[in-house]
Structure formats: structure tokens, C-alpha cells
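Please read it alongside the sequence and the structure.

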Amino acid sequence: MSVKDTSPTLEVRNLQTHFFTKAGDAKAVDGVSFSVGKGEIMGLVGESGSGKSVTGFSIIGLVDPPGNVVGGEVLYNGKNLVGLPDEQMRQLRGNRIAMIFQDPMMTLNPVLRVDTQMVETILAHDPSVSKQDALARSRDALGRVGIPAPDERLRSYPHQFSGGMRQRVAIAIALLNKPDLIIADEPTTALDVTIQGQILYEAQKLCRETGTSMIWITHDLAVVAGLADSICVMYGGRVVEQGLINDVLDHPVHPYTRGLLGSVPGANSRGTRLYQIPGMAPSLLNLPQGCAFQARCPRADEACLVEPQITEPIAGRGVRCCHPHLNAEEEIGA
Amino acid sequence: MSEKTNDTMLTVDNLSKNFVKKLDLAGKIAQKLGSNIREEVVHAVDGVSLAIPKGSVVGLVGESGCGKSTLGRMIAGILRPTGGDITYKGVSITKMSGDEAARAALQIQMIFQDPFASLNPRMRVIDIIGEAPLTHGFTTAAEKDSYVCDVMKRVGLDPEYRRRYPHQFSGGQRQRIGIARALAVNPEFLVCDEAIAALDVSIQAQVINLFMDLREDLDLTYLFISHDLSVVKHISDRIVIMYLGRIVEISPTDELYADPNHPYTQALLNEVPQLEHRGRDYKPVEGEIPSPLDPPSGCHFHPRCPHATDRCATERPELREIAPTRWSACHLNDEA
Ligand SMILES: Nc1ncnc2c1ncn2[C@@H]1O[C@H](COP(=O)(O)OP(=O)(O)O)[C@@H](O)[C@H]1O
Ligand SMILES: Nc1ncnc2c1ncn2[C@@H]1O[C@H](COP(=O)(O)OP(=O)(O)O)[C@@H](O)[C@H]1O
Ligand code: SF4
Ligand code: SF4
Ligand SMILES: [Mg+2]
Ligand SMILES: [Mg+2]
């Protein structure tokens with residue numbers, strides 16, 4: 001279900017990433033498809049364990065055993081990255097595709113000064129840049145993510161920063177080479193709103209000015225509402241609804257999307273009980289037959305015992321449900 | 001400051017808490033060698049006053065490190081203030097008898113962010129919930145089992161699972177165990193410190209509903225600490241905003257959102273992501289949250305405030321009443 005069909009930067013087709021554990025096989029990502037156009041920001045949302053991070057790791061080839069990408073394609077500018085030799089993948093990761101992790105220490109090297117790491121990142125991409133220029137660019141990049149006294153900070157080690165500052169350094173490094181694609185995995189979850197605003201500003205600016213495409217992974221629907229062009233909602237390793245951001249948020253048709261939107265405090269008037277989805281997400285090792293959401297779904301019936309496929313009941317919208325809410329008048333929670 | 005009426009549950013007067021950051025070995029050696037390095041003092045809570053009406057939900061918000069948890073812990077009796085006073089149901093905690101203090105400690109219960117860290121992993125749920133009510137005579141050894149079952153039902157836990165250990169529950173259920181443990185001693189006042197921050201959206205909604213139901217059923221009063229302004233807006237009657245150890249604004253919820261007075265409140269509300277707010281043009285935020293070890297002079301917010309004047313850099317603005325039931329600490333209100 002692509003949103004901008006003209007030669008997307010990234011097209012993920014029927015991605016399947018499974019973890020082969022002693023307790024059983026977990027289909028962490030099970031047939032996920034989406035595409036992200038040039039300059040487009042896609043929000044990838046879902047609750048914990050729904051497969052958001054594993055989707056991100058699969059795209060950049062960082063799934064470690066017992067996990068494995070067992071099926072599907074990851075087309076980056078038309079080229080399939082699944083099965084690409086490690087060396088080529090590493091090249092791409094440092095340069096054209098960047099990931100910002102929830103834990104900044106996945107990006108930062110604890111034993112190297114920040115300036116060393118930043119200059120290395122720039123030179124790996126373009127060895128013709130002078131050290132002087134690389135340092136100047138590094139300093140600018142730190143300043144742009146709101147780090148005060150960047151000259152001084154360049155000479156610091158990662159442990160000399162607070163958690164929030166460390167995340168901003170990691171983000172500055174990810175943005176350094178103006179990559180074509182950024183996968184940001186809940187990078188602002190631990191940050192305060194004013195700092196989050198600063199980072200959203202930088203991310204948005206990069207996408208608008210250089211045509212960088214971005215996948216913003218989060219459980220926070222309100223952040224995605226303000227930032228993204230399109231949205232993919234995941235549940236139990238599968239995409240259950242996808243489409244343009246306004247379409248999905250204004251007229252969600254999948255019962256899970258509707259439940260999720262309904263339970264956000266801002267969607268309910270003050271002091272009233274929130275709409276709540278009963279129960280909790282099932283374990284991937286113990287999924288019911290058919291639709292993974294059925295135990296919590298007010299619309300579930302026998303038809304849901306057969307795994308629903310993604311359909312396009314409305315133009316531009318992908319939905320994985322036997323009984324989508326296609327009547328616009330229906331109340332959330334009905 | 002802050003009206004005190006007969007309906008006041010708890011008041012906080014000019015309350016402060018300092019933490020001394022001790023010198024490490026290198027620091028001590030440097031000091032011996034004549035360096036002017038000194039122990040640093042953090043004014044985590046710096047002269048705050050507020051009143052919490054009985055039966056109300058007061059939301060406490062502010063960015064990390066501004067002193068929310070420290071204030072909450074002093075109110076819950078877990079942390080001893082450096083200065084100032086707390087009055088619970090009309091009696092100052094400094095003047096309470098041993099009995100009175102023990103009773104207050106039971107009546108004010110605290111619920112924490114990380115339910116796992118606050119539950120003993122080697123205790124069964126029945127003992128986690130049942131221990132305190134047994135010790136304090138709310139139940140007997142013979143009736144403990146049914147007492148715990150009742151409390152579990154109240155928070156939406158299946159009493160069948162009372163012999164299990166905390167790790168056998170999901171995050172949302174563990175938070176319910178924490179809530180059940182607090183409720184088991186019949187408290188009147190709950191201090192919830194980021195109590196839903198670690199939970200998924202759908203589970204958050206369930207726990208927020210539980211808090212609201214309990215308030216109705218048990219006539220509880222809450223201090224609800226959260227960095228999430230939309231959650232606080234949803235459940236609070238009034239909101240207290242802190243910045244670097246001080247309260248900058250107190251207001252009934254609707255008025256605060258309709259017409260925030262303090263420039264910091266305005267900046268904060270501006271940044272809150274909202275579902276209805278699509279395709280935003282984010283703006284760079286000016287300045288940086290200063291270090292609590294070395295807060296700016298005068299009004300702590302002056303280096304980031306678009307309205308700052310010379311006076312703001314030298315004189316601390318007092319929190320004062322700007323309208324009935326509204327307080328703000330900003331010099332701009334003097335000119336009005
Ligand atoms: N290293 C691993 N070993 C086994 N299973 C894993 C591992 N990493 C992830 N998984 C499985 O993948 C699922 C999805 O994980 P993840 O993508 O991290 O979820 P999300 O980012 O949406 O919270 C998890 O519920 C878990 O079952
Ligand atoms: N036990 C402690 N020892 C030293 N400093 C502390 C301690 N607890 C809190 N602080 C400091 O006090 C300030 C306020 O902390 P806290 O009350 O936890 O803020 P919040 O809950 O708003 O994030 C912070 O600067 C913090 O580092
Ligand atoms: S397929 Fe059935 S159970 Fe699944 S979401 Fe749709 S109606 Fe509900
Ligand atoms: S006192 Fe001055 S610096 Fe502080 S918030 Fe008011 S105008 Fe701004
Ligand atoms: Mg994740
Ligand atoms: Mg805290």
C-alpha cells in the first residue's frame with residue numbers, strides 16, 4: 001500500500017522476520033509491506049512487542065540470531081537489500097541509510113571522543129573532505145540539535161553527557177551525511193517535550209530540504225499526527241492498517257486502530273472514562289488462529305478465525321480485517 | 001499563598017529539599033591541594049507552597065529534574081524536607097505525635113513508575129498486598145486471604161492468581177498489584193509518580209480509568225505526577241507546573257489550557273503533541289534547560305523567556321494570586 005507511488009526510496013514487500021527460540025518460533029514480522037517516498041515521513045506505530053523495531057532492524061540488516069529474515073524484499077531505490085553481502089550493507093548503513101536507536105549507545109562508541117566519531121563518519125562517506133571542514137560540520141550539527149557550547153562538547157566522551165544530550169549527539173551523527181533514509185526508533189521517548197520539539201524540527205527540516213525519507217517508529221500517536229505524511233499501524237507482527245495520516249487518523253477503519261485512537265486521553269473529554277481496549281496483546285508464541293486481535297475485538301466472529309489478508313476497501317488504504325468500519329458515522333468503540 | 005479551606009487535605013508551605021553532591025576522591029584530593037572545588041548543592045525543591053483540596057486530583061508537571069519526584073516523596077513522608085512544613089488534615093508533620101505520624105504515613109500512599117522495581121520478586125502477590133494490612137490490623141491472619149481477594153478484584157486482578165510471583169504478570173497487571181498494595185491500607189491520599197509512564201497506550205487507558213473509578217468509589221485525593229501533559233489534563237482538576245525546583249503556576253485545568261499565564265507554561269503547552277494537530281511546522285526551541293546545580297539568577301526561566309527584562313535576571317518572582325484560584329510567578333503580572 002504505497003502512498004507516493006512514484007519511485008519510492010524504500011519499498012518493503014512481504015517482509016518476514018522470525019526468531020527461532022527454544023520456546024518456539026516467534027513471527028516478529030510476518031508479511032509486512034509498505035513504501036516510503038522521497039522526502040516522505042512514515043509513522044510506524046503499535047504497542048510494545050508488535051514488531052516495530054524488528055522491522056527497522058530487518059531493513060538495515062541488523063537482525064541477529066536467533067532471528068532471521070526468512071522472506072520478502074527490502075527494495076532501496078529499487079535494489080533488494082535482503083541477502084546483500086555484509087560489507088556492502090555496512091557501506092550503506094554508514095552513508096545512505098541511518099538508524100537512530102532508542103538507546104543512543106547503539107550509535108556511540110564509549111571510548112572515542114565525540115569529535116573523533118563525527119569526523120570519522122564524515123570521512124567514511126567522503127574521504128576528500130579536509131579534517132578542518134569535517135570538524136566545522138560536526139560542530140554545526142551539534143549546535144543544530146540544541147547542544148550548547150558545541151566546541152567544548154566536541155572534545156567530550158559520550159559518558160560526559162546526560163542521557164538526553166547523548167541521544168542528541170547520536171541524532172546529530174545520524175543526520176551528518178544527509179542520508180536518503182532514516183529509521184528513527186522511538187528516539188524521543190525518553191526526552192522532555194521541549195527537547196523533543198527541537199529534534200522533530202531538525203528531522204522535519206532535513207526531510208523537507210534534502211528529500212530524506214524517514215520512518216519514525218513510536219507508540220505515541222500524537223507525535224506521528226504532527227510529523228508524518230503516512231502511517232502504518234502494527235499489531236502482532238503484522239500491519240493492520242496503513243494510509244495517509246489524515247485519512248487514517250480521521251477515519252480509522254480497523255477495530256484496533258479505532259480502539260487505540262479512542263484510548264488516547266486527548267481524544268476524550270476531560271474527566272470522562274477513556275475508551276479502553278479490553279485485555280492485552282497476545283504473546284507471539286501463542287497467537288490465536290486467524291486474526292491476532294480477535295480476543296480484544298468487539299466485532300470478532302467466526303469469519304475472523306481465518307487470517308484476514310490486507311485489502312484496499314477505500315482507495316489508498318490498506319486494512320487487514322474481515323469487518324472494517326466502512327460506515328463513516330460509526331462511533332469509535334462501536 | 002494557595003487558599004486553605006476546611007476542605008484542604010494537605011498543604012505545603014515554603015518547602016525545600018537540598019541534596020549535597022559529595023566530592024569524589026579526586027575532588028577531595030584537589031581540595032586538599034588547595035583547589036577551591038567544593039561540595040555542590042542541588043536545590044531540588046526550592047521554597048514551594050501549595051494546597052491540595054480533599055477529593056481533588058492535582059496534577060504536577062514539569063520537565064525531568066525539576067523536582068516533581070522529590071516533592072512527591074516529601075509529601076508521602078518518604079523523604080525528609082530540608083526546610084518548610086507540610087500540614088496534613090490541619091496538623092503540621094513536625095508537630096505530630098508518633099501515633100499521628102504513623103497514621104498519616106498509612107493514609108498517604110505512593111505509587112511508582114516502575115511496578116517491577118517496587119515489588120519484591122520473591123514474594124507472592126498475596127503477601128505483597130496482604131503484608132501491610134495484616135501488620136496494621138486492617139485484617140487478621142485468618143481473614144487475610146479473602147481481604148486480599150477483595151482488594152485484587154477492586155483493581156481488576158483475578159484473585160485466582162494471588163499465589164503467583166510478580167514476574168508472572170504483565171506490566172499493566174504489575175502496576176495493578178502496586179495499586180492494590182497501596183489501597184490495602186485504606187489510604188485517603190495517593191501520590192502517583194509517573195504511575196502510567198511505562199505502560200502501553202491501551203493499558204494506560206485501562207489504568208487511568210481504574211484511577212478515576214477508585215477516586216469515585218473510595219473518595220480518594222490524588223497528587224498525580226506526570227511528564228505527560230495530555231494525561232494530566234485528562235484527569236486533573238487543577239495543575240501545578242514546576243520549573244527547576246520552583247512552582248511557576250497553579251491553575252484549574254480548563255483555565256490553564258485556555259489561558260496559560262506563565263511564559264514557561266505557554267512554551268510547554270505549545271510543544272505538547274496532539275492528535276488534532278497535523279502537519280506541524282516545528283520550530284527550534286530557544287535555549288537549554290539550565291543545570292539545577294547552577295540555576296539562573298532571579299527568575300530561573302529568564303535565559304529562555306521571550307519577555308525577560310533586567311528585573312527578571314535579579315529578582316525572584318513570587319508565586320502570587322492573579323485571579324481567584326490561580327497563581328503565577330512572573331513579574332509581568334505586576335504591570336497588569
Ligand atoms: N532477540 C530476540 N529473541 C527472541 N525474540 C525476539 C527478539 N527480539 C525480538 N523478538 C520478538 O519480536 C517481537 C517484536 O519485537 P520488537 O520489534 O522489538 O517490538 P516493538 O519494537 O514493536 O516493541 C517481540 O515480541 C519478541 O517476541
Ligand atoms: N537522592 C538524590 N541525591 C542527589 N540529587 C538528587 C537526588 N534525588 C534527586 N536529585 C536531584 O534533584 C533534582 C530533582 O530531581 P527529581 O525530583 O527526581 O526531579 P523530577 O522527578 O522532576 O524528574 C535533580 O537535579 C536530581 O538530580
Ligand atoms: S478480523 Fe475480526 S477480530 Fe480481527 S480486527 Fe477484524 S473484526 Fe476484529
Ligand atoms: S519573571 Fe521575567 S523571565 Fe520570568 S517568566 Fe516572567 S517575564 Fe519571563
Ligand atoms: Mg521497539
Ligand atoms: Mg521523577
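How many bridges join β1(A) to strand β2 of chain A? Nine bridges join β1(A) to β2(A) (residues 24–36), and these strands run antiparallel. This is a predicted model, in which local features need pLDDT of at least 70 and side-chain atom pairs count only at pLDDT 80 or more, while totals for chains, interfaces and linings use all residues; side-chain values use heavy atoms, with hydrogens and water left out. Residues are numbered from 1 along each chain as its sequence is written, and chains are lettered from A and ligands numbered from 1 in the order in which they are written.

**Strands of chain A**

Strands (E, at least two residues) and helices (H or I, at least four residues) are DSSP runs numbered from the N terminus, and two strands pair if DSSP finds at least two bridges between them. β1(A) and β2(A) form a hairpin with two residues between them. Phe20(A) stands opposite Asp25(A) in β2(A). β1(A), residues 10–21, also pairs with β4(A), residues 67–76, in the antiparallel sense over eight bridges. Within β4(A), Val69(A) is the bridge partner of Thr17(A).

A residue is near a molecule if one of its heavy atoms lies within 4 Å of it. The residues around ligand 2 include Phe19(B), Val42(B), Glu63(B), Cys66(B), Thr70(B) and Pro292(B). This shell divides into five nonpolar, five polar and two charged residues; here Ala, Val, Leu, Ile, Met, Phe, Trp, Tyr, Cys and Pro count as nonpolar, Asp, Glu, Lys and Arg as charged, and the others, Gly among them, as polar.

| Residue | Distance to an oxygen atom of ligand 2 |
|---|---|
| Gly65(B), polar backbone atom | 2.6 Å |
| Gly67(B), backbone N or O atom | 3.0 Å |
| Lys68(B), backbone N or O atom | 2.9 Å |

Taken alone, ligand 2 exposes 560 Å², of which the protein buries 62%; accessible areas come from the Shrake-Rupley method with a 1.4 Å probe. The elements that give two or more residues to the shell are β2 (40–53) and α2 (68–75) of chain B. The most comes from α2(B), with three residues.

**Cysteines**

Buried means under 20% relative accessible area, with a 1.4 Å probe and protein chains only. Cys304(A) is buried at a relative accessible area of 8%, and Cys312(B) counts as buried at 11%.

Terms used. Polar contact = N/O pair within 3.5 Å; in protein donor to acceptor, adjacent residues only side chain to side chain. Buried < 20%, exposed > 50% of the residue type's maximum accessible area, 1.4 Å probe, protein only.
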